[in-house]
Amino acid sequence: MAPSPDKHYQARILERRDLSPDLCIVRVNPGGPLEYRAGQYATLGLIHNGARIERAYSMVSSPYEDALEFFVELVPSGGLTPSLFQLQSGDMLLCRKIAKGRFLLGLRSGRKNHLLISTVTGIAPFVSYVRTIYRDWKGGSSLMPGDHRFFCLQGASYTFEFGYREELARHASEAPWFDYVPTVSRPWDDPAWTGETGRVDDLLRKYIEVWNLRPEETTAYLCGHPRMIENSRAILERAGWKKGAVLEEAYYHLAIKEAGGTA
């Protein structure tokens, strides 16, 4: 199935950085103007054996950036990522001209605290949030962040899975409105690690108290592995969070839903 010129751009990979055999960061020229908001996803695709295969990937990049950035995990039995992982800088792919997604910052709820909870590639929309707000804050041309505060808790099995730890830690050290804590569930594989250990949902109760977050003042955002989302949702509900104050974006590890993308 050929790409529709009305719906697709001919995009090009500008840069690729591999974190491991199954994790990479890619920057893409979409091939034309693509308007989006922090937290939304772009639909990328390839023609494989005469068929067009497309998947949605949350954007790491901020709308202020010219290039799109994605944090992608290889799904060996997936429909797109095995072919996507064969691409290098300069290679072409398809990009739909319209970005979608409702995993946006809830700024009209009256809740000024935003608790961002993720695993591995689930950090993508949160990096987009932070890059965008940081640009607003430094430029002084926006009301953001105002009195909003952001608290990010990210989990991974291994330290190499933190594709954006240095960037987020740097922003957290500079911005009074942002806190960031990464945690590793297999610390014995990296003896040099001195940060938090355990699964992200295991630390959730602790950091709700450390950051003095209350349900009536805080929106929680869950992004990543479905099991983490299920466990974290249950913890938040028991702590008093109502349904409308918990937003979710699950990254399924199934062949029909690529890791690093949304349904």
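Hi everyone. Contact here means heavy atoms within 4.5 Å, and helices are DSSP runs of H or I with at least four residues, numbered from the N terminus.

What you see is a predicted model, in which local features need pLDDT of at least 70, side-chain atom pairs count only at pLDDT 80 or more, and totals for chains, interfaces and linings use all residues. Residues are numbered from 1 along each chain as its sequence is written, and side-chain values use heavy atoms, leaving out hydrogens and water.

pLDDT is the predictor's confidence in each residue, from 0 to 100. Its mean for the protein chain is 92, with 95% of residues at 70 or more. Over residues 253-263, though, pLDDT stays under 50.

Now to the helices. Which residues of H2 meet H3? They are Val127, Val130, Arg131, Tyr134, Trp137 and Lys138, and they face Glu167, Leu168, His171 and Glu174 in H3. By class, that contact has five nonpolar, one polar and four charged residues (Ala, Val, Leu, Ile, Met, Phe, Trp, Tyr, Cys and Pro count as nonpolar, Asp, Glu, Lys and Arg as charged, and the others, Gly among them, as polar).

The H4 and H5 contact has six nonpolar, two polar and three charged residues.

Notes:
Helix = DSSP H or I, 4+ residues; strand = E, 2+ residues; numbered from the N terminus.
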